[in-house]
Amino acid sequence: MMKKKSVSARKASLVLFLCQMISALDVPLDLSQPPTITQQSPKDYIVDPRENIVIQCEAKGKPPPSFSWTRNGTHFDIDKDAQVTMKPNSGTLVINIMNGGKAEAYEGVYQCTARNERGAAISNNIVIRPSRSPLWTKEKLEPNHVREGDSLVLHCRPPVGLPPPIIFWMDNAFQRLPQSERVSQGLNGDLYFSNVQPEDTREDYICYARFNHTQTIQQKQPISVKVFSMDSLNDTIAANLSDTDIFGAKPVTERQPVLLTPTGSTSTKVELRGNVLLLECIAAGLPTPVIRWIKEGGELPANRTFFENFKKTLKIIDVSEADSGNYKCIARNRLGSAHHVISVTVKAAPYWITAPRNLVLSPGEDGTLICRANGNPKPNISWLANGVPIAIAPEDPSRKVDGDTIIFSHVQERSSSVYQCNASNEYGYLLANAFVNVLAEPPRILTPANKLYQVIADSPALLDCAYFGSPKPEIEWFKGVKGSILRGNEYVFHDNGTLEIPVAQKDSTGTYTCVARNELGKIQNEVHLEVKDPTMIIKQPEYKVIQRYGQVSFECVIKHDSTLLPTIIWLKDNDELPDDERFLVGKDNLTIMNVTDKDDGTYTCIVNTTLDSVSASAVLTVVARPNPPFDLELTGQLERSVELSWIPGDENNSPITNFVIEYEDGLHEPGVWHYQTEVPGTQTTVQLKLSPYVNYSFRVIAVNEIGRSQPSEPSEQYLTKSANPDENPSNVQGIGSEPDNLVITWESLKGFQSNGPGLQYKVSWRQKDVDDEWTSVIVANVSKYIVSGTPTFVPYEIKVQALNDLGYAPEPSEVIGHSGEDLPMVAPGNVQVHVINSTLAKVHWDTVPLKTVRGHLQGYKVYYWKVQSLSIRSRRHVEKKILTFRGNKTFGMLPGLEPYSSYKLNVRVVNGKGEGPASPDKVFKTPEGVPSSPSFLRITNPTLDSLTLEWGSPTHPNGVLTSYILKFQPINNTHELGPLVEIRIPANESSLILKNLNYSTRYKFYFNAQTSVGSGSQITEEAITIMDEVQPLYPRIRNVTTAAAETYANISWEYEGPDHANFYVEYGVAGTMASRQVDIATQGWFIGLMCAVALLILILLIVCFIRRNKGGKYPVKEKEDAHADPEIQPMKEDDGTFGEYSDAEDHKPLKKGSRTPSDRTVKKEDSDDSLVDYGEGVNGQFNEDGSFIGQYSGKKEKEPAEGNESSEAPSPVNAMNSFV
């Protein structure tokens, strides 16, 4: 719900326009003019007798007027009364009461006259009366003894004061007496009781009269009221009074309405136009009557009619002659009605139709003064000139009186005067002064020069040109400095000189010139107009529904003229926002935190500038779970039902959808509440079904869309009478737990189902299909009974009946149960297996006799297991599998078998106790199937026209392999496939050299194995023959760089070598000697090298031996060189290589391609920042999966690294990361 309103500039402009019209008739104070009364006291002036009396009379004129007063129609000489003074330059009188004067001495009718050489103006007749607040006359008040149910009127009768006092009733504690439809105060101040009740008995009914002028309160003596109830009244009569006493002894009886005020069937009422009409009807009766008002022959006026005092008073504001008529009040209760007709006549004191206005004329001009008034009865019009009846005033040949009009012709300067018009009837009078001022003056413009007007686009613009001149000047408007005169429908020219632009636009901005001229001269004035963009709310607040304690925001996004400064004000229900820190006012929004119920209402965003104001409103509805119901009442109590009623709690702005009724059994389950029923949210009573022997309490929960209310307070308790059980236990079963017993179980009745004390159960059983009598036993309130010594798995008829101290429940129904089960005795026979295919077999068996099952047949279990594979001779763990077939089936399917394998199985019968013996094992074999894909396919040794293929046999041959099928085809540069070539390879082969291929050509290979059954799934690979005979391309790592941080290191390198290479980054802690190196002792090149070294050493030893034998000598240096251990130099970076290896999962060979450098970066997070130096020794290293990593050599002493590179091959200590 949202509403938007805008304060229009047009209304403000029209008010300004009217003010300008009045001011345009004002004569500038520097010019001669007759007096004008500007301020005076009210006609009926009630004064406080304790304060000075001030009678106002202010006037203006040129020359300044002098003042005089009359009192009660004669001249009032203020100089002769020391208590009276007149304010300087004023006609206001001050009568000094506080220094010994008495207000009563100055009571009377006063009139002020303001006079100068051009005329005299007079004030209204001002009636001075001092206020009065007299005391109550002393009176002896007798106590009021009233019978219960009778009517009563306590009279106030306040003293007559001036003005009349305000009446109210209070007690001794100064607390207002409560009023209602039954007890209320009338317009005359009396206290009316439509019927009295015992609680009306009290001794301090006090009427108070408050006199506002004197700020005093007068108190009447307390009135005592004693109400006699009929019981106490009869006792009193029997003890003290005779049978003929006035009280009698009649019981309290209901009575139809009788009007206490007004009396009779009709009355009249006269009210004056514009006043408030108050009509009253108060009735007696029991039950208390209800008052209704109608207007005979018409409708009560809408928007002006109000009902007060519990509809006993009809109030119509601002009455007019149309409100005259007959008004009927009707008092009604269930015994009848009473009515009264009030005939209302609306009279009217005089009121203006056209009041005379000041007239400014130039010599020789004509004019008129008009005085028109209306009233009921029609008022008389009389004229005065300078305060004297015009009939006896000095004659003026230029004037002529014609009823309510004075006509002036060819006036001269001596015609200046002040005229008074008096319109009067029996209900009042009107007096107006209007002067005729004869002047000859050139035009003058009273509006300030260069005045700036600012308006909003599309609203009216009123440019002021207040002027004066005699004769009256003509006004013309121009736009711009040299603009033409303004004419046309787009402008409105007012008599007071104002130029109106009804719909100002942006192009209306500019300078406007006003020119005033008459026969005595000419004058002009410039004003300026600026048209601004309107202020708009482009995003208005929207209707919001929020749950209690939530948060809500209202938006108010505005757009405004850049030269105007807007201010945004938020209101709640047209009042200021609460002073609460939960209300957060932002630049363009209002946010309410932690919303409560008090925040419910209408929120208005008001945007004000100096020129316009716009607003938008939205309603906030705060919703919450409903308040709990209250006043639960039980009525209509019966043995098996009761009626529950309640009063709903506040629904908290979300309608109640339903009520949930719960009950508590205080006898069996105290403190536990159970669901009883639920009813729609419009229902507040429900008839509830009850069970015997339950101590019921009820509570009600209200539900709306937000949730459930808190439970209501519990109702009173209601204990129902005991009775036989209505029902027997449910879910009766007979199942043996041992082969020789029968366990009978049931679900016990709940407490309220017992219907009485002493709940027990009669358990009965007998063997089915055997002519046996029922065996019965009565047990306590339990839920199980065991019968021992029964045959194994025999059917029994069973029944369980409830009983209590009052008797048995209805006869229960019988159920069939069985005594305990035992394991089956025999195994299924004639087990046969039919192999359907290599993975599926069907097994058959014969059912066992039901007597041998000795229980409920649940089904059969097939145990089967693989003995061995017929193609791979290997020992394996025997894993038995079990399939269960429910019911009395004689076959089953065995899925998921492995092809070309030998299996065994057996079958067993199953009952509730367990499995029986197994059938003899049955052996069966599965036939061959198609093999799985080859374990790998590797393509190596590419040449110009050949490729070498290597492969591994299938992991699951599923039979005897007969051959391999190789298919391949070339792939051109556009990825199109060429012709397919197929080759069959014997099953015992594991490699093949393909020759006569095209050079520098990519081939795609498809490879699969075959058995006698068919081909298995294939494996694919691609390879490229080389372009020319070059040395094989080995992997090469170059330009290794490192960048160490606190917790990681970035490692980068360039790679040349075959595609699809795997990269390993090895790292460790500096200073350690551990390394992961390949064992080169097993490498061929190393063995050859070692053999060559050994041969050289042997030759050297032979040479040395020969030379020593010859006695020859050799230099020490040579000897040292000969015997020194040669230092093993680290492998150069260019010489280091990585061996080729394949992924352990897909077994795809590495593919050779062009040499493309690869720049890889590794982030190491959990090691030191530097690479380690590696010690001496020649140790081979392998990856964790056994693949060869590379060859590394060490040296005895560490050498410093140059730059970010190392001449040593790194070896990992803690971890190794692989990049593919």
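# Close-up views of a predicted model

View 1. Eight side chains are listed here: Leu1095, Leu1096, Leu1098, Ile1099, Ile1102, Val1103, Phe1105 and Ile1106 make a nonpolar surface patch of about 750 Å². One of these residues, Ile1099, has its place in helix H4, which covers residues 1084-1109. Ile1099 has a relative accessible area of 42%. That value lies between the limits of 20% and 50%, so Ile1099 counts as partly exposed.

**View 2. Strand S74 and its two partner strands, S73 and S77.** Strand S74 takes in residues 840-846. The covered face of S74 holds Ala841, Val843 and Trp845. Its uncovered face holds Leu840, Lys842, His844 and Asp846. Strand S73, residues 829-837, pairs with S74 in the antiparallel sense, and 6 bridges connect them. A hairpin of 2 residues leads from S73 to S74. Ala841 has its bridge partner in S77, namely Leu894.

**View 3. An open sheet of 5 strands.** The strands follow the order S30-S38-S37-S33-S34, and their pairing is mixed. Strand S30 (359-361) and strand S34 (388-389) stand at the edges; each has a single partner strand, so one side of each has no neighbour in the sheet. Inside the order, strand S37 (residues 417-425) and strand S38 (residues 428-438) form an antiparallel pair with 9 bridges. One of the residues bridged to S38 is Tyr419, whose partner there is Ala434.

**View 4. A tilted ring pair, Tyr491 and Phe493.** The model has 21 aromatic pairs. In the pair of Tyr491 and Phe493, the ring centres are 6.5 Å apart and the planes meet at 40°, so the pair is tilted. Phe493 is partly exposed, with a relative accessible area of 39%.

**View 5. An edge-to-face ring pair, Phe968 and Tyr1003.** The ring centres of Phe968 and Tyr1003 lie 6.2 Å apart, and their planes are at 65°, so this pair is edge-to-face. The pair links distant parts of the chain, 35 residues apart: Phe968 is in strand S82 (residues 961-971) and Tyr1003 is in strand S85 (residues 1002-1011). Phe968 is buried, with a relative accessible area of 8%. Tyr1003 also counts as buried, at 4% relative accessibility.

**View 6. A ring cluster formed by Phe168, Phe174 and Tyr208.** Ring pairs link Phe168, Phe174 and Tyr208 into this cluster.

**View 7. Charged side chains over aromatic rings, at Tyr205 and at Trp865.** Arg202 lies over the face of Tyr205, and its distance from the ring centre is 5.8 Å. At the other site, the charged end of Lys880 sits over the ring of Trp865, 4.4 Å from the centre of that ring.

Terms used:
Residues numbered from 1 in each chain as written. Predicted model: local features only at pLDDT ≥ 70, side-chain atom pairs only at ≥ 80, totals over all residues. Heavy atoms only, no water. Buried < 20%, exposed > 50% of the residue type's maximum accessible area, 1.4 Å probe, protein only. Helix = DSSP H or I, 4+ residues; strand = E, 2+ residues; numbered from the N terminus. Pairing = 2+ DSSP bridges. Phe/Tyr/Trp six-rings, centres within 6.5 Å; stacked < 30°, edge-to-face > 60°. Lys NZ or Arg CZ within 6 Å of the ring centre and 35° of its normal. Patch = residues over 30% accessible without salt bridge, like charges linked within 9 Å, V, L, I, M, F, W, Y side chains within 5 Å. Areas by Shrake-Rupley, 256 points an atom, 1.4 Å probe, with all protein chains shown as cover. Salt bridge = Lys/Arg side-chain N within 4 Å of Asp/Glu carboxyl O.
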